[in-house]
Amino acid sequence: MSEQTPGPAPERIISSRMIYQGRILTLHVDEVALPDGRLTTREIVEHPGAVVIIAPDEQGRVAMVRQYRSAARRELLELPAGTREPGESDEACARRELAEEMGVTAATWRRVLGFYSAPGFCTEYLTVFLATGLSPVANVPEADETIRREWIDLALVPAMIARGDIRDAKSIAGLLWYLHGAEGSD
C-alpha cells in the first residue's frame, strides 16, 4: 500500500452561482480562495453519479452497447452504464441498467472499482460492478436511447482499445481491470 503525502489546504468557496439546472446535471460557477489567498473561479458540473457494469458470459465474451453520443459526435462502443436516479443505490442502478441495455440479469454482483470521470470540472463518480451468472430477463429500453447490443470476445478487447475501437474511458478502465485480474475494490 502506498503512503499518500498530504496536499495543500483545500480551496475555500467564497460564492457559488448556478448557471444551469437540467434533468441530469447542474452547472455552477464558484469563486474560490486558493490556499495562498488568491481568488479564482471554478466551473463545476454536478452529476448524481453513475454505474458501469462488466458482464462477461460463459463463452468468454463481454456485454457491450453501441450508441451515438452527441458530445463525442460519434457512435461509441461501451460497457453498459447509466446515471443513478434520485434515491437509487448503486447496485439497484446497475441491475436496472443491465436489464434495460442488455436484457440480462446476473446471479452475482460485486462492486470492483470506483473513480471520478473528470475531476477537473465534474463531480460524477462512477461505480463499477462485475456481474456474473447471466440470464435473460424481459426489458424495456429507455425511450431516449437507441442502442445496439453486442457481445465482444474478451480476447479481442486489448487490440480494440489500441486501435481506438473502444474510446470510452469508463469502458477502458473497467475492461482493463477485468482483463488484468484486479482484486478487491476501493
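User: What makes S4 and S9 a pair, and which way do they run?
Analyst: In this predicted model, five bridges join S4 to S9, and the two strands run parallel. Pairing needs at least two bridges, so S4 and S9 count as paired.

User: Why is S4 called largely enclosed?
Analyst: Five of the five residues of S4 are buried, so the rest of the structure largely encloses the strand. Buried means under 20% relative accessible area.

User: Which residues of S4 sit on each face, and are they buried or exposed?
Analyst: Ala-50, Val-52 and Ile-54 lie on one side, with Val-51 and Ile-53 on the other, and all are buried. In a regular strand, side chains alternate between the two faces of the sheet. Both faces of S4 are covered.

User: What makes S2 and S3 a pair?
Analyst: Eight bridges connect strand S2 (residues 26-33) and strand S3 (residues 39-46) in the antiparallel sense. At least two are required, so S2 and S3 qualify. Val-32 is bridged to Thr-40 in S3. The hairpin has five residues between the strands, and Gly-37 there takes a positive phi near 100°.

User: How do you know that the length of H1 agrees with its number of residues?
Analyst: H1 has 13 residues, which at 1.5 Å a residue should span 18 Å. The end C-alpha atoms of H1 are 18 Å apart, so the two agree. After H1 comes Gly-103, with a positive phi near 70°.

User: Which residues of H1 are buried, and what covers them?
Analyst: The buried residues of H1 include Cys-93, Ala-94, Leu-98 and Met-102. Glu-97, Glu-100 and Glu-101 are also among them. Their cover includes S4, S5 and S7, along with strand S8 (104-116), strand S9 (125-136) and strand S10 (147-153).

User: Why is Arg-73 called exposed?
Analyst: The relative accessible area of Arg-73 is 64%. Exposed means over 50%, so Arg-73 is exposed. Arg-73 lies in the loop between S5 and S6. Although Arg-73 is not a glycine, its phi is positive, about 60°.

User: Why is Arg-148 called partly exposed?
Analyst: Arg-148 has a relative accessibility of 44%. Under 20% would be buried and over 50% exposed, so Arg-148 counts as partly exposed. Arg-148 is placed in strand S10.

User: What is Arg-148 in contact with, leaving aside its neighbours within four places in sequence?
Analyst: Arg-148 is in contact with Met-64, Val-65, Arg-66 and Glu-75. Arg-12 is another matter: Arg-148 and Arg-12 are 45 Å apart in space, C-alpha to C-alpha, and 136 residues apart in sequence.

User: How many residues line the largest pocket, and which lie nearest its centre?
Analyst: The lining has 39 residues, and Ile-24, His-47, Arg-69, Thr-83 and Glu-124 lie nearest the centre. The elements giving two or more residues to this lining include strand S4 (50-54), strand S5 (61-69), helix H1 (90-102) and helix H3 (169-179). The space in the largest pocket is about 1,300 Å³.

User: What kinds of residue line the largest pocket?
Analyst: The lining divides into 18 nonpolar, seven polar and 14 charged residues.

Note on methods. Residues are numbered from 1 along each chain as its sequence is written. This is a predicted model: local features need pLDDT of at least 70, side-chain atom pairs count only at pLDDT 80 or more; totals for chains, interfaces and linings use all residues. Side-chain values use heavy atoms; hydrogens and water are left out. On a 1 Å grid over the protein atoms alone, a cavity is a set of points where a 1.4 Å probe fits but cannot get out, and a pocket is an open set with protein on both sides within 12 Å along at least five of seven lines; lining residues have an atom within 4 Å of a point. Grid points are joined across faces, edges and corners, and a volume is the space filled by probe spheres set on the points. Helices (H or I, at least four residues) and strands (E, at least two) are DSSP runs, numbered from the N terminus. Ala, Val, Leu, Ile, Met, Phe, Trp, Tyr, Cys and Pro count as nonpolar, Asp, Glu, Lys and Arg as charged, and the others, Gly among them, as polar. The expected span of a helix is 1.5 Å times one less than its number of residues. Buried means under 20% relative accessible area, exposed over 50%, partly exposed in between (1.4 Å probe, protein chains only). Contact means heavy atoms within 4.5 Å.
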